[in-house]
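Here is a guided walk through one protein model, written for someone seeing it for the first time. Keep the sequence and the 3D view open as you read.

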Amino acid sequence: MKLRRAPLEDWMRDFYFDTTVDLGSSGVQCWSLAELRGLLDIRQDDLDAITLDDSPSYGGPALRTALARRFADGDPDRVMATHGSTEAIFLAMNALLEPSDEVVVVDPGYHSLWSIAESIGCRLKRWRLRPEDGFAPDLDALRALVTPATRMVVVNFPNNPTGASLRPEQFEEFLGIVADSGAYLVWDGAFTELTHGTAQLPEPSLLYDRCLSLGTMSKAYGLPGTRVGWCLGAPELLARFLPLRDALTICLSPLTEFIAERAIVHADRLLAIRGPQAARNLARLTAWAEEHADLVSWTPPLGGCTAFPAFHGIEDTEELCRELGRNHDVLLVPGSGFGHRDRVRLGFGGAEAEFTAGLTRLHRTLTDRAATPALSSAARRPEGALPR
Ligand SMILES: Cc1ncc(COP(=O)(O)O)c(C=O)c1O
């Protein structure tokens, strides 16, 4: 298997840990263990009682039960806990795809949703969300792509990076298009519970038996450090993951499974804080974009914590993002990693003061550039000099 490098991860390696103002991540602000212990009724005794043993292959029973109650009509047999949804994507594709299979994948999208299928040797057909439509999914375009030869359809709604989503009224038609072809559906629902002015979409794995539905602690719950994700689907499909799981990760850690289980049981407590926080940041972003339509063009997101704006006069945003990272301590992600060089992924899930500071620095950098378009790269900080 040949996997290409993911420019998004390269960018994060370079800037995520060396900047303090995060305007680029795709999740809500992360929680500390102290905060979680207060919010989720975790006592010291609970932590002390954990033995760092192996956990069962599909995940510990408490975690599977909590996930099943929240997402899978209470049936734990339809749940496998995974090392982030990253592992779930890898397992689903490697268990179900063969070289030269036809795979229809939403574009733009998170890199592993297409690169794993590509690494297996599949033929990718891209379901393009077009900037001129505000990235709104076009079901006629999907219908034209999906055929009886399609082995898998891969989507992520609400979508990283665009924030676009299927509308609830489109959902049934969407599922019908996939079901008519008999293809597997890999549904990445990383942002299902974070919507803005639109209803949450239904759980597709309960409606279509060839669906594998992925979720994660990393985005709406602000717990990427647990490295816990999950896959929901028919037990016979999940069973096909086992040989790979045995070779790759064997099981999760009982410690992070415990934290994830508490977080799922009390998920609404976490969402009640971080959801409105993201919504307030989105209101700030919306006000800024409306006030500065001379600088920025965008479509407000329907879900998730990211928007995908373009800036007038900037055809390639990499230099802008590098300047923000190196000179202004701000993480902003260039759109090149998602196939749109003229855009940036702008995350609005973070702490509010930090978000406001980031937006101010972005604004200043954009207006400085507009005032001095010929500002030479020599005048900027030289490569390698990373101020803190
Ligand atoms: C849409 C989407 N799916 C999956 C992932 C993988 O996340 P994790 O492995 O942390 O669950 C990400 C991470 O950015 C993502 O944005």
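Predicted model: local features only at pLDDT ≥ 70, side-chain atom pairs only at ≥ 80, totals over all residues.

The axes of helices H5 and H6 come within 10 Å and cross at roughly 35 degrees, with H5 passing H6 in a right-handed crossing. On the H5 side the contact is made by Thr86, Ile89, Phe90, Met93 and Asn94, and on the H6 side by Ser112, Leu113, Ile116, Ala117 and Ile120. Two packed helices are described by the angle between their axes and the distance between the axes.

Residues are numbered from 1 along each chain as its sequence is written. Helices (H or I, at least four residues) and strands (E, at least two) are DSSP runs, numbered from the N terminus. Axes are lines fitted to C-alpha atoms, for helices over the stretch in contact, and angles run from 0 to 180 degrees between N-to-C directions. A crossing is right-handed if the near helix is turned clockwise from the far one by less than a right angle, and left-handed if anticlockwise. Two residues are in contact if their C-beta atoms, placed from the backbone, lie within 7 Å.

**The seven-stranded sheet**

Seven strands form an open sheet with mixed pairing, in the order E2-E8-E7-E6-E5-E3-E4. Its edge strands, each pairing on one side only, are E2 (79-83) and E4 (123-128). On average, neighbouring strands here are turned by 20 degrees against each other, direction ignored. Helix H6 (residues 112-120) packs on this sheet and touches E3, E4, E5 (150-156) and E6 (184-188); the direction of H6 makes about 155 degrees with that of E3. Two strands count as paired if DSSP finds at least two bridges between them.

| Strands | Sense | Bridges |
|---|---|---|
| E3 (residues 102-107) and E4 | parallel | six bridges |
| E2 and E8 | antiparallel | five bridges |
| E7 (residues 211-216) and E8 | antiparallel | four bridges |
| E10 and E14 (residues 344-347) | antiparallel | two bridges |

Some partners can be picked out by name. Glu102 has Arg123 of E4 as its bridge partner. Ala81 stands opposite Trp230 in E8, and Leu214 stands opposite Cys231 in E8.

How many residues of strand E8 (residues 228-232) are buried? Five of its five are, where buried means that 20 or more other C-beta atoms lie within 10 Å of a residue's own, exposed means 12 or fewer, and partly exposed is in between, with C-beta atoms placed from the backbone. Val228, Trp230 and Leu232 point one way from E8, and Gly229 and Cys231 point the other way. In a regular strand the side chains alternate between the two faces of the sheet.

The chain is divided into domain 1 (7-31 + 269-379) and domain 2 (50-267), with bounds that come from an automatic or database domain assignment. Their C-alpha centres lie 26 Å apart, and 28 residues of domain 1 are in contact with 30 residues of domain 2. On the domain 1 side, the largest share, eight residues, comes from H12.

Leaving aside neighbours within four places in sequence, Leu332 is in contact with residues including Leu23, Cys321 and Leu362.

**A loop residue and a second sheet**

Phe157 is found in the loop between E5 and helix H8 (171-181). Is Phe157 buried or exposed? Phe157 counts as buried because it has 27 C-beta neighbours inside 10 Å. Beyond neighbours within four places in sequence, Phe157 is in contact with Ser165, Leu166 and Leu201.

Finally, an open sheet of three strands has the order E10-E14-E13, with antiparallel pairing. Here the edge strands are E10 and E13 (333-334). Ala307 has Leu346 of E14 as its bridge partner.
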